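Hi,

Here is the structure I said I'd pass on.

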Amino acid sequence: MDKNELKLTSSEIGTLWGEYVNGTMTDVVNRYMVSIIEDEAIKALFEEALKMFGRQKQQIVTFMENDGFPVPIGFNESDLFNGKARLFTDIFCLNYLHIMTLHGLLGHTSALSVSVRKDLRDFYDSCDNDAKKMYHQTIELLLEKGIFQRDPLFYPAKNPEFVSSKDFKDGIFGKGRTLAATEIIGISFNLKKSIMAKCLSIAFSQVTQSKEVRKFLTDSEKTADGQIKAFAKILQADNLPVPKSWETEVTTSKESPFSDKLMLYHMGFLFQAAQNYHGAGLAAAMRTDLVATYESTILQNLMVTKNWFDLMVQNKWLEQQPLAPNRTEIAKEK
């Protein structure tokens, strides 16, 4: 049997569905940013990102249609309002592209890990290569402009050492130790994601037309801000630098370039994706105070996600993913 003639599994159609919906959302935002960016080098990266997703989108549609699955609506021109006042600076746009590229890298890797068909594996390999290329390009441009925020530096120890005390897990609230390098990975990663989520919440709350969506966005901003402060406090206790916030890269415009549906979905995507990063950080945490911070953050995000789901359903904005057949209902139709 031709390996490419195998029917799509539930995992494979699920990843394609997610890639399409999340990709079209980001594509709409990227198209808006291309229209406002003045820096030619930054604009060129966004134009390349649009071309990359254009190729990927066409292939996803082919995969789904060949197996008889309806293509999701996702996001399109109806979610983009051109000609509106600038909402973000060029610097924010570049940081946004970098962070969303990180999301793409992790998403493509997860999709590849559950794909069996060779054509799908080849597709996700190409998506991964595109994302890696964009990752390098965004970092190089951020470094060139002097705005890339590196993680805290460590000074090397003379020799390898072993943990010699149970106090190792107590951290700053016991007789323990400073942060380990593996713990800082998660803290820094999660801080940068929360900083972007906070800034987008601020920007979107300024321009949304819906009172309910605005309340959700302002609540999300407070949640993200609280999480930023909690992780920043842990870094500062060890005299380590905290990543710079981006609030000043959001203008005071009140004209929305996006539909309320897109803005609300985008925030839900960020908070749901954050759960993966918080979970990874929790798994690497060996200090009790850090474990408690991650557990609290995960619970907070669960509440945000619940409120997001209710609001999306209330407005009939949440597309239904492909579902397993309901055998009970099928039997009743006989």
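Predicted model: local features only at pLDDT ≥ 70, side-chain atom pairs only at ≥ 80, totals over all residues.

First, what I mean by a pocket: on a 1 Å grid over the protein atoms alone, a pocket is an open set of points with protein on both sides within 12 Å along at least five of seven lines, whereas a cavity is a set where a 1.4 Å probe fits but cannot get out.

Residues are numbered from 1 along each chain as its sequence is written, and side-chain values use heavy atoms, with hydrogens and water left out.

Back to the pocket. Its lining (residues with an atom within 4 Å of a point) has 47 residues, and Gly18, Asn22, His103, Gly107 and Phe269 lie nearest the centre. Helix α1 gives the most to that lining, with eleven residues. (Helices are DSSP runs of H or I, at least four residues, numbered from the N terminus.) By class there are 23 nonpolar, 19 polar and five charged residues in the lining; Ala, Val, Leu, Ile, Met, Phe, Trp, Tyr, Cys and Pro count as nonpolar, Asp, Glu, Lys and Arg as charged, and the others, Gly among them, as polar.

Now the rings. The structure holds eleven aromatic pairs, meaning Phe, Tyr or Trp rings (six-membered ring for Trp) with centres within 6.5 Å; planes under 30 degrees apart are stacked, over 60 edge-to-face, and the rest tilted. Phe123 and Tyr124 make a tilted one, 5.1 Å centre to centre with 55° between the planes. Phe189 and Tyr277 are edge-to-face, because their planes are at 90°, with the centres 5.2 Å apart. Phe189 is in α5 and Tyr277 in α7, so this pair ties together parts 88 residues apart in sequence.

Phe189 has another neighbour: the charged end of Lys193 sits over its ring, 3.3 Å from the centre. (That needs NZ of Lys or CZ of Arg within 6 Å of the ring centre and within 35 degrees of the ring normal.) Lys261 likewise lies over the face of Phe75, at 5.0 Å from the ring centre.

Cheers

How values were computed
Helix = DSSP H or I, 4+ residues; strand = E, 2+ residues; numbered from the N terminus.
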